[in-house]
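Good morning, and thank you for the time. Please look at the sequence and the structure as they come up, and I shall then take you through them chain by chain.

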Amino acid sequence: MLNISGIHEGFVLDHIKAGESMTIYNDLHLANLGCDCTVAMIMNAKSNKMGRKDIIKIECPIERVDLDILGFIDHNITCNIIKDDAIVEKRQLTLPKEIKNVISCKNPRCISTVEQGLDQVFILTDEENEIYRCKYCEEKYTGQK
Amino acid sequence: MRHLMSPLDFSRDELEQLMDLADDIKNHPEAYSEKCHGKKLATCFYEPSTRTRLSFEAAMLNLGGSVLGFSSADSSSAAKGESVSDTIRVISSYADICAMRHPKEGAPLVASQRSLIPVINAGDGGHQHPTQTLTDLFTIRSLRGEIKELTIGLCGDLKFGRTVHSLINALVRYPGIKFVLISPEELRVPEYIREDVLEKNGYEYKEVDSLDDVMGELDILYMTRVQRERFFNEEDYIRLKDFFILTPEKMRLAKKDMMVLHPLPRVNEISVDVDDDPRAMYFTQAKYGVYIRMALILTLLELV
């Protein structure tokens, strides 16, 4: 397997479904982390558990990335937080109560389809069934995570 | 500062207080005739409405206040492409309270996020119409004495009918309410009302497509119009618009003390021959809408 050196401070996101890492890169806005940060994406790596998987390593101050959205994308992703070259936390991913500007409302009657500059906000209304609804029109999100 | 976006914005106790106030206004209108002196209501109506807009305006005028506003998007800056957020910021400098109707769902909520004055949702697309719900609840309470142990038939366009969605949301907070949902298959209540409101709260309901079969069970029959403006496809509208028509023959199947309500305007879903039936309460309902809106304006302006 291709080796990427260890990181001093940041995150290792493991067990990402093969092919999904670019989506996560975009959803976490990793392109905007700043020039002092390094991101490595390992795609289609062999995995005993999953067959194939993606991994993202992020070298950056840990407060700079909001990982809440990962719980919405796939709560089976393993999220290791690294500080001083060691894993300090294995974060349990949970569904965020609110998702902002990641998914958009598909209801053509919703104000969010026309109002300029309006945040696309979805609220978790049913945790058990993982249902999110548009804050404005209450339409259920049915798209791909 | 409070806004009204959904009937659920008020707790049940707050709703009772609001209806108590509306009751007092109904019985002693003279005591309230100057309560809003010097206050202005902006009616921002981005789509046509006669009843709701005039009801709001009558309510404010009855309270001694004044009104300003527009009655279609064409006569507002929306026609020039102005956003709802910008419009409400400007209106906030002109008026003390705003009633907004908009064809886009959630538009009044967007307005409330930017507004410096209370915003009342006067209907947003097929989503919510909370002041109609307040009117419906006040009518039921006034005419039945209390809201409990009732079988309520909701008939017509239950899919796009925002008054129905708002009313169901509000009624599930009262005990012993049973719902009979009467509509063609294509116009049944949206899934979120069934799943998140009725089933989640354990309320008894059934969905049927025949009014005659259930007429005798109902304490209240809430009729709605199939609204042309909610359809993208004219053919579907024409096929479904006359699915249910309430006639004197159907009324003969109903209980002697059943009430017929309708948010109005009616097209032909209630035959005019039903109007003289003492159980037809829809015009009384429209009158009660002014009292409850007066109570709402006073409450949101913190003048009580």
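The domain bounds I quote come from an automatic or database domain assignment. On that basis, chain A is divided into domain 1 (10-91) and domain 2 (98-134). Residues are numbered from 1 along each chain as its sequence is written, while chains are lettered from A and ligands numbered from 1 in the order in which they are written.

Let me turn to confidence. The model scores ipTM 0.84 and pTM 0.85. The per-residue score, pLDDT, is the predictor's confidence in each residue, from 0 to 100. Its mean for chain A is 89, with 97% of the residues of chain A reaching 70 or more. For chain B the average is 92, and 95% of the residues score at least 70. Where pLDDT is low, the predicted coordinates should not be read in detail.

I continue with chain A. Helices (H or I, at least four residues) and strands (E, at least two) are DSSP runs, numbered from the N terminus. Chain A has 2 helices and 8 strands, and along the sequence they follow the pattern β-α-β-β-α-β-β-β-β-β. Within chain A, confidence is lowest in helix H2 (residues 68-73), at a mean of 85, and highest in strand S3 (residues 51-59), at 94. The C-alpha trace of chain A spans about 50 × 35 × 25 Å along its principal axes, and the C-alpha centres of its domain 1 and domain 2 lie 24 Å apart. One backbone detail deserves attention: Asp85(A) is not a glycine, yet has a positive phi of about 70°. Asp85(A) sits in the loop between strand S4 (78-83) and strand S5 (86-91) of chain A.

Now to chain B. Its domain assignment gives domain 1 (7-129 + 289-300) and domain 2 (131-286). Taken over C-alpha atoms, the centres of domain 1 of chain B and domain 2 of chain B are separated by 24 Å. Two residues are in contact if their C-beta atoms, placed from the backbone, lie within 7 Å. The contact between these domains takes 20 residues from domain 1 of chain B and 21 residues from domain 2 of chain B. On the domain 1 side, helix H1 (12-27), strand S4 (119-124) and helix H11 (282-300) of chain B each supply at least two residues. That side divides into 11 nonpolar, 6 polar and 3 charged residues. Here Ala, Val, Leu, Ile, Met, Phe, Trp, Tyr, Cys and Pro count as nonpolar, Asp, Glu, Lys and Arg as charged, and the others, Gly among them, as polar.

How do the helices of chain B pack? Two packed helices are described by the angle between their axes and the distance between the axes. Axes are lines fitted to C-alpha atoms, for helices over the stretch in contact, and angles run from 0 to 180 degrees between N-to-C directions. The axes of helix H5 (residues 130-144) and H6 of chain B come within 8 Å and cross at roughly 55°. H5(B) is therefore oblique to H6(B); angles under 35 degrees count as roughly parallel, over 145 as roughly antiparallel, 65 to 115 as roughly perpendicular and the rest as oblique. The contact is made by residues of H5(B) including Pro130(B) and Leu137(B), and by residues of H6(B) including Thr163(B) and Ala170(B).

The axes of helix H6 (residues 162-171) of chain B and H7(B) come within 10 Å and cross at roughly 15°, so H6(B) is roughly parallel to H7(B). In this pair, His165(B), Ile168(B) and Asn169(B) of H6(B) meet Ile193(B), Val197(B) and Leu198(B) of H7(B). By class, the contact has 4 nonpolar, 2 polar and no charged residues.

Finally, the two chains together. In the interface, 14 residues of chain B are in contact with 16 residues of chain A. Helix H3 (84-94), helix H4 (107-114) and helix H7 (191-199) of chain B each supply at least two residues of the side that touches chain A. H4(B) gives the most to that side, with 3 residues.

Terms used
This is a predicted model: local features need pLDDT of at least 70, side-chain atom pairs count only at pLDDT 80 or more; totals for chains, interfaces and linings use all residues.
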